[in-house]
Amino acid sequence: MSSAVDQMKKNLAGALTHSVQKAVSQGFLRDLQELPDFIIEIPREKDHGDFAANLAMLLSKEVRLPPRKIAEILKGCIDLQGLPVEKVEVAGPGFINFYLDPRWVLEILPEIITLDENYGRQDFGGGAKVQVEFVSANPTGLLHMGNARGAALGDSIASILSFCGYQVIREFYINDAGHQIELLGDSLQARYFQLLGRPAEIASEGYHGEDIVETVKGFINLYGDSLLDVSEEERKNTLVDYTLKEKLAVIKETLLSFGVSYDVWFSEQDLHKKGVVREIVDRLNSMGFLYEHDGALWFKAGEFGVEKDEVILRSNGAPTYFAADIAYHFNKFQRGFDRVINIWGADHHGHVARMKGAMAALGYNPDALQVIIMQLVRLYRDGEIVRMSKRSGQYVTLEELIEEVGRDAARYFFVMRSADSHLDFDLDLARAQSNENPVYYVQYAHARICSILRQLDETGKKLPAPGPDDLNLLKEEAELVLARRLADFPEEVSMSAKDLAPHRLTRYLHEVAGLLHSFYNSHRVISQDERLSCARLMLVKATRIVLCNGMRLLGIQAPERM
RNA sequence: GUCCCAGUAGCUCAGCUGGAUAGAGCAACGGACUUCUAAUCCGUUGGUCGGGGGUUCGAAUCCCUCCUGGGACGCCA
């Protein structure tokens, strides 16, 4: 599906291409090898028309004429039959500017209303299978701000891709194995002993949080001191299993209340249990990508353009996190995903190159693995940075954040900035139910439109069905600008998908909301003039659809009243 | 030391596969509610796009270099 704007660009580009051919055949221009890759763009300046072409500047060198001269020639040769072009001008260094009958864009309104929740949907994904893996937190605690940002980003990206015709799977990789889990086991056992009156200590790098104590208390309430007499291994395993189950359930629930639900929860432990990690090590080894050094087994990452080689099997025989992660990613591709997208914190960026290297070694296209590295989140309250430390258990959790600022504000703030930009999250601003808060600005626009529709409904007044000429009653600047921007929605969506950048959408929605507010304040939708009311109703209905669809992609609710 | 990200208005950030006079929100200042929701609108103020070179018709955008901040460089994850 191509948008009205896209179609217009194509039409104009086609007309220009013909114009070049005509100019050449009539001897105004030298013969060309081939037409340069010119673009039809939308000028920033309104005075520069609705569309502009840079073709003349690009031709200048080959044709050996000044750009403005070429532009004039093309202008003379162009055939705009059937297009709503009012005038063509040559301007600046040689731009060809097209000025359209402003009403050309109004035709989009009935189309939006017909498509409704599908307006903006694209099919360029072509049904390709994409996996988006995000959050993937250690199930040893609660979710922090980094996880929260990842959740908002990942979920929105998944929604956007899905809206663009990809077949998307949301996946959470549960890091329920490895060194951290061993530490957790030690800490749980220590707490277990302590709570049952036996001396025990938690190692300095262990888990000291109060939540662990609560968990163990809960366990004792259920099972008493039954673990005192069993082997250490069994004791730890039992406590760990119990704890992970409990923690994971909380994480799941928190994410759900954040509007995020997963298709797949993938356990690292399963990989180990099924021997898949060993298999992948053997596989790489037999392919000649491993070597032994200092008693450990190393992956030749250097052969894939990575700075350093990486240990894959420790000298004590235990696989590293990297080994398990290779197995996991191998598994992803084996499941048939055409694209695999990971969302990782900035502290994992060193991991990207070697993981791609490992995939290349295993025969997969490393570019099919895309890793979005997101920068850190800093929380501000009362203008001060909120200090956080996960080790001491002193940090703001996602649950608390949702409690404090609400789900919609939190999600909006997290996707408001591009992933590679540090995020300063102002808690006071996010919580403020005022004009300072961008979330409400967008939601309010939606609620206002709903209010109009409700009002009309309640009066029971029937407006005549819109006739073909009614749209042309929309002549006000505010109306035309708004309609024009609504027409951009499909392109905004595909740009967001292409760049994996939901923050584009927040800006777009904010702008549409602004145009609606502006229109609302200067013109009445429902008035004595029934035909005009009818036309304006189409305009606000279409606006509501765009706002609603956009918010849905960002996981933000579109309230009918506020 | 090497690599990644960032440096744009007082603050937080867009814009970066080159386009015309660099944008938004907040903050500041001045106005608008007997009207479909004032969580809104209208107006004003605000810039060495970190510095310096280069590439070309044209650079915030591409290349080189330097400076500053953050992160990564582990048989941690």
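In this predicted model, Y291 stands opposite W298 in strand 9. Strand 8 pairs with strand 9 (residues 296–299) in the antiparallel sense, and four bridges link the two. Both belong to an open sheet of three strands, ordered 8-9-10, with antiparallel pairing. Strand 8 (290–293) and strand 10 (310–313) are the edge strands; each has a single partner strand, so one side of each is left without a neighbour in the sheet. On average, neighbouring strands of this sheet are turned by 45° against each other, direction ignored. Strands of a sheet pair through backbone hydrogen bonds, either parallel or antiparallel.

A second open sheet also has three strands, in the order 14-13-15, but its pairing is mixed. Strand 14 (384–385) and strand 15 (423–426) stand at its edges, and each has a single partner strand, so one side of each lacks a neighbour in the sheet. Strand 13 (residues 377–381) and strand 15 run parallel and are joined by four bridges. One residue pair can be named here: Y380 has D426 of strand 15 as its bridge partner. Helix 5 (residues 145–163) packs on this sheet and touches strand 13 and strand 15. The direction of helix 5 makes about 110° with that of strand 13.

A hairpin is formed by strand 3 and strand 4, with three residues between the strands. Strand 3 (residues 85–91) runs antiparallel to strand 4 (residues 95–100), and six bridges join them. V85 has L100 of strand 4 as its bridge partner. In this hairpin, G92 takes a positive phi near 55°.

The helices also pack on one another. Helix 10 (residues 276–286) and helix 11 (residues 321–334) meet at an angle of about 90°, and their axes are 9 Å apart. Helix 10 and helix 11 are therefore roughly perpendicular to each other. On the side of helix 10, the contact is made by V276, V277, I280 and V281. Helix 11 contributes A323, A324, I326, A327, F330 and N331.

Helix 18 (residues 489–499) has several buried residues: F489, P490, E492, V493, S494, S496 and A497. These buried residues pack against four helices, namely helix 5, helix 17 (477–486), helix 19 (503–522) and helix 20. L500 follows helix 18, and the phi of L500 is positive, near 50°.

The domain assignment of chain A gives domain 1 (4–100), domain 2 (179–244) and domain 3 (437–553). The centres of domain 2 and domain 3, taken over C-alpha atoms, are separated by 57 Å.

Which residues touch the most other members of the largest nonpolar core? They are L74, A483 and L486, in a core of 143 residues. Helix 20 (residues 530–553) gives the most to this core, with eleven residues. At least three residues of the core come from each of domain 1 (4–100) and domain 3 (437–553). The contacts of A483 can be listed. Not counting residues up to four places away in sequence, A483 touches V105, L106, I108, L109, L474 and L539. Another core lies apart from the largest one. This other core has eleven residues, among them L184, L188, V216 and F219.

Technical notes: Residues numbered from 1 in each chain as written. Chains lettered and ligands numbered in written order. Predicted model: local features only at pLDDT ≥ 70, side-chain atom pairs only at ≥ 80, totals over all residues. Core = buried A, V, L, I, M, F, W, Y, C linked by C-beta atoms within 7 Å. Buried ≥ 20, exposed ≤ 12 C-beta atoms within 10 Å, placed from the backbone. Domains from an automatic or database assignment. Contact = placed C-beta atoms within 7 Å. Pairing = 2+ DSSP bridges. Axes fitted to C-alpha atoms, helices over the stretch in contact; angles between N-to-C directions. Parallel < 35°, antiparallel > 145°, perpendicular 65-115°, else oblique.
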